[in-house]
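Colleague: I am new to this structure and would like to learn how to read it. Could we take one feature at a time, with the general idea followed by the case at hand?

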Amino acid sequence: MAFAPQDPRIPDPDDPVVHHDRVDYSPFPKSVTFARRHTARLVAHWGHPALADDAALIVSELASNAVLHGGVPGRHFRVQLTLTKTVLRIAVSDAKGERLPRPRHPTPDDKFGRGLLIVRAVATRWGVRERTVGKEVWVELDLATSPVEL
């Protein structure tokens, strides 16, 4: 697991936040679709359409994990997107902190267990942070180019 050189919760004065979005979702499978579509549209709208598919894939994998492994009756999971001048940060949090995610090594016959391997392959950096209640899985994608005017 890779860790960011700086705690993602602490704003970097040299890399200010340009855009931020936070949505809470009900812990149902359909919410994964909503979160994925919202992410793709928002990242493209923020001027980074080349990152929209990767961001949507990451959100889909992390939101699926939040629904399958982090769900607590009556508690939502949260997806936060933060865009700075150099990074797109994605954070998905849920209420079940006793189940910290870690990449598995599935066999070819396994139907599940590849989500974090996909996240690790796509992300520049990622990590897990325990919260007072629950956990947060965060991912960073470095911005390769300037935003595209839409």
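**Reading a buried charge and its partners**

Modeller: Arg 89 counts as buried, because its relative accessibility is 18% and the cut-off for buried is under 20%. Please keep in mind that this is a predicted model.

Colleague: In which strand is the place of Arg 89?

Modeller: Arg 89 belongs to strand S3.

Colleague: How should I read a charged side chain in such a place? With which residue does Glu 140 form a salt bridge?

Modeller: The general idea is that side chains of opposite charge can pair when their charged atoms come close. In this model, Glu 140 forms a salt bridge with Arg 89, and the closest N and O atoms are 2.8 Å apart. Since Glu 140 lies in strand S5 (residues 135-142) and Arg 89 in strand S3, the pair ties together parts that are 51 residues apart in sequence. The two side chains are also joined by a polar contact of 2.8 Å.

Colleague: Is Glu 140 buried or exposed?

Modeller: Glu 140 counts as buried, because its relative accessibility is 4%.

Colleague: How many salt bridges does a search of the whole structure find?

Modeller: The search finds 6. One of them joins the side chains of Lys 135 and Asp 94, at 2.8 Å from N to O. Lys 135 lies in strand S5 and Asp 94 in strand S3, so this pair ties together parts that are 41 residues apart in sequence. Lys 135 is buried, with a relative accessible area of 5%, and Asp 94 counts as buried at 10%.

Colleague: Which residues are linked in a network of salt bridges?

Modeller: The network links Arg 89, Arg 125, Glu 140 and Asp 142. Within it, the side chains of Arg 125 and Asp 142 meet at 2.6 Å, N to O. That pair links distant parts of the chain, with Arg 125 in strand S4 (residues 125-130) and Asp 142 in strand S5, 17 residues apart. Arg 125 is buried, with a relative accessible area of 16%, whereas Asp 142 counts as partly exposed at 36%.

Colleague: Let us turn to a helix. Which residues of H1 are buried?

Modeller: In general, an α-helix has 3.6 residues a turn, so residues three or four places apart point the same way. In H1 the buried residues are Ser 31, Val 32, Thr 33, Ala 35, Thr 39, Leu 42, Val 43 and Ala 44. They pack against strand S1 (17-25), helix H2 (49-69), strand S2 (77-84) and strand S3 (87-94). H1 itself comprises 17 residues (29-45) and reaches 25 Å from its first C-alpha to its last, close to the expected 24 Å. Just after H1, Gly 47 takes a positive phi of about 100°.

Colleague: In what order do the elements of the chain run from the N terminus on?

Modeller: The order is β-α-α-β-β-α-β-β, with 3 helices and 5 strands in the chain. Of its 150 residues, 43% count as buried. Among contacts between residues at least 6 apart in sequence, 68% join residues at least 24 apart. The accessible surface comes to about 8700 Å², and carbon and sulfur atoms account for 53% of it.

Methods: Residues numbered from 1 in each chain as written. Predicted model: local features only at pLDDT ≥ 70, side-chain atom pairs only at ≥ 80, totals over all residues. Heavy atoms only, no water. Helix = DSSP H or I, 4+ residues; strand = E, 2+ residues; numbered from the N terminus. Expected span 1.5 Å × (residues − 1). Buried < 20%, exposed > 50% of the residue type's maximum accessible area, 1.4 Å probe, protein only. Contact = heavy atoms within 4.5 Å. Polar contact = N/O pair within 3.5 Å; in protein donor to acceptor, adjacent residues only side chain to side chain. Areas by Shrake-Rupley, 256 points an atom, 1.4 Å probe, with all protein chains shown as cover. Salt bridge = Lys/Arg side-chain N within 4 Å of Asp/Glu carboxyl O.
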